[in-house]
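User: Hey, I've just opened this one and I'm new to it. Can you walk me through it?

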Amino acid sequence: NNAFVEGKEIIEEPFYGGKFLDYDPAIDWYSPLEESAEDPSLQELYGRLKRHNSQWNFENEEMLPILTALMMLAPMQRLMYWRPTVYLSGPQGSGKTTLFDFMGELYGPLATRLDDTTSYAIFQELGNNGRIGLIDEFEKSKKRTDILESLKKSNLGGAIVRGTTGKNTIRYSIESMVWLSSIEIGVKDAAQRARMVVVNLDRNSGKRLAPIVEHANEFKTLRSMIARRVLQNWDKIEAFVNEVRNDKNKYGPDGRTGDNYVYAAALISLCETGRNPFPEYINDVAIQQDEEELIRDILSSLLCNGSNPITVAQALRDCVLQGKQQLAKDLDMHGMKIVSPRTGSDKGKQFVAIYVPSVKKHFLRKTRWADLNIEDILLRAEGASRKKQRIAGMNSTNCIMLPYEVCFPESEEDAE
């Protein structure tokens, strides 16, 4: 039951089932259990932490056990095959900073605050050591987009390599479940959003929070008990995770959503017998795809219509519902038009034709789509196709054809 490191040092605990937690020895975070000390069970520790966390107000009460489980899993993040990004969101006064302060106290030197940081600094701070990264007030970050993109590497585990003035490069590997907080999510990239567990907080009444321990020096004992008990139960946690991965129909959520929640659900299943470990609300978590977001951004762009600019969406609707010819001409010159085939299998249907070069020029400049191949993205939309049209002064050129109901899903309901 002991582990030898480099043939010298013996690790007695936390070491169970061939697993031990390997952290920089300079990080004095763990305290071995003394024979006379209390040794609460995993369920008791979970209940204690959950009761403490219940002092915050959650948008959905099922977010409380998820947050509690993720807190307990934080020291084990390098054992997880998939590490979601945990995102706390809520208005000012909801206690986001206070919650991060508590995590900082709970995990002591194992946690590190990375407010107002950069992607490279995150990799330097968390790379190769598995510390718990906390980034507060993320809405203020000027590097927000870059950081979110870089954090994709942490979910499955990745690395960045930087050159040096010498012969050797520096490599930082990262396997971290990074925690973020801000007053809103503000994540537009579908791939980034799909990697997140979002916990929404409501405003707190301003009440003073009761501490989880009487003295600050007791946090070291508490985090040591949590780490020891979670590691003791890791084989059971892994068994649950593998069961869900092999039979996704049994529990409901699948794909990336299931990956994000499965470890928390595993711990909840051990601590709250009889409770559905996957909260109901995650079935309603809509991960917007890139094509949906791109279409939304195009439709919400402004079309100059004399002195009264209107959105592209409104212009298209007016062309269909009111037959406004001048709007139709303006849209055409900007690379968009309504098409109603008169023959073939599409007879009687309506499509929005998009001439990509003009649309990018007029509507998508200085957006994240400006330098991307949006034709390929648009063609992922249901029913999308590529056909030649007369548009934007061109006699016949390739356009992306989107079914009208894909752009305006409410149109079918209106028609009924």
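User: Which residue in β10 does I135 stand opposite?
Analyst: I135 stands opposite L180 of β10. Keep in mind that this is a predicted model.

User: How many bridges pair β7 with β10, and in which sense?
Analyst: Two bridges, in the parallel sense. β7 covers residues 132-135 and β10 covers residues 179-182.

User: What's the strand order in the sheet they belong to?
Analyst: The order is β6-β7-β10-β5-β11, an open sheet of five strands with parallel pairing.

User: Which strands stand at the edges?
Analyst: Those are β6 (111-113) and β11 (196-200). Each has a single partner strand, so one side of each has no neighbour in the sheet.

User: And what's the twist like from one strand to the next?
Analyst: The twist averages 20° per step from strand to strand.

User: OK, helices now. Which residues of α5 are buried?
Analyst: R144, I147, L148, S150, L151, S154 and N155 are buried in α5.

User: What covers them?
Analyst: The cover includes strands β5 (85-89), β9 (170-174), β10 and β11, along with helices α4 and α6 (190-193).

User: You mentioned α4. At what angle do α4 and α5 pack?
Analyst: At about 35°, and their axes are 9 Å apart. α4 is residues 119-126, while α5 is residues 144-156.

User: Which residues meet there?
Analyst: From α4 you have S119, I122 and F123, and they meet D146, I147, S150, L151 and K153 of α5. By class, that contact has four nonpolar, two polar and two charged residues.

User: Which salt bridge partner does E149 have?
Analyst: K152: the side chains of E149 and K152 meet in a salt bridge, 3.0 Å from N to O. Both residues lie in α5, three residues apart, which is about one turn of the helix.

User: Why does that spacing work in a helix?
Analyst: An α-helix has 3.6 residues a turn, so residues three or four places apart point the same way.

User: Is E149 buried or partly exposed?
Analyst: E149 is partly exposed, with a relative accessible area of 38%.

User: What comes just after α5?
Analyst: G157, which takes a positive phi of about 95°.

User: Back to salt bridges. How many are there in the whole structure?
Analyst: A search of the whole structure turns up 17. One of the pairs is D101 with R113, at 2.9 Å from N to O. D101 sits in helix α3 (residues 96-107) and R113 in strand β6, so this pair links distant parts of the chain, 12 residues apart.

User: How exposed are D101 and R113?
Analyst: D101 is partly exposed at 36% relative accessibility, and R113 is partly exposed too, at 34%.

User: What about R386, which residue does it bridge to?
Analyst: R386 forms a salt bridge with E375, and the closest N and O atoms are 3.1 Å apart. R386 is in strand β16 (residues 385-391) and E375 is in helix α14 (residues 374-378), so the bridge ties together parts 11 residues apart in sequence. R386 counts as partly exposed at 41% relative accessibility, and E375 is partly exposed at 25%.

User: How many residues of α2 are buried?
Analyst: 11 of its 11 residues, so α2 (residues 63-73) is mostly covered by the <20% cut-off for buried.

User: Last one: where does V359 lie, and what does it touch?
Analyst: V359 lies in helix α13 (residues 356-363). At 0% relative accessibility, V359 counts as buried. Leaving aside residues up to four places away in sequence, V359 touches I298, H334, G335, M336, I354 and L364.

Note on methods: Residues are numbered from 1 along each chain as its sequence is written. This is a predicted model: local features need pLDDT of at least 70, side-chain atom pairs count only at pLDDT 80 or more; totals for chains, interfaces and linings use all residues. Side-chain values use heavy atoms; hydrogens and water are left out. Axes are lines fitted to C-alpha atoms, for helices over the stretch in contact, and angles run from 0 to 180 degrees between N-to-C directions. Helices (H or I, at least four residues) and strands (E, at least two) are DSSP runs, numbered from the N terminus. Contact means heavy atoms within 4.5 Å. Ala, Val, Leu, Ile, Met, Phe, Trp, Tyr, Cys and Pro count as nonpolar, Asp, Glu, Lys and Arg as charged, and the others, Gly among them, as polar. Two strands pair if DSSP finds at least two bridges between them. Buried means under 20% relative accessible area, exposed over 50%, partly exposed in between (1.4 Å probe, protein chains only). A salt bridge is a side-chain nitrogen of Lys or Arg within 4 Å of a carboxyl oxygen of Asp or Glu.
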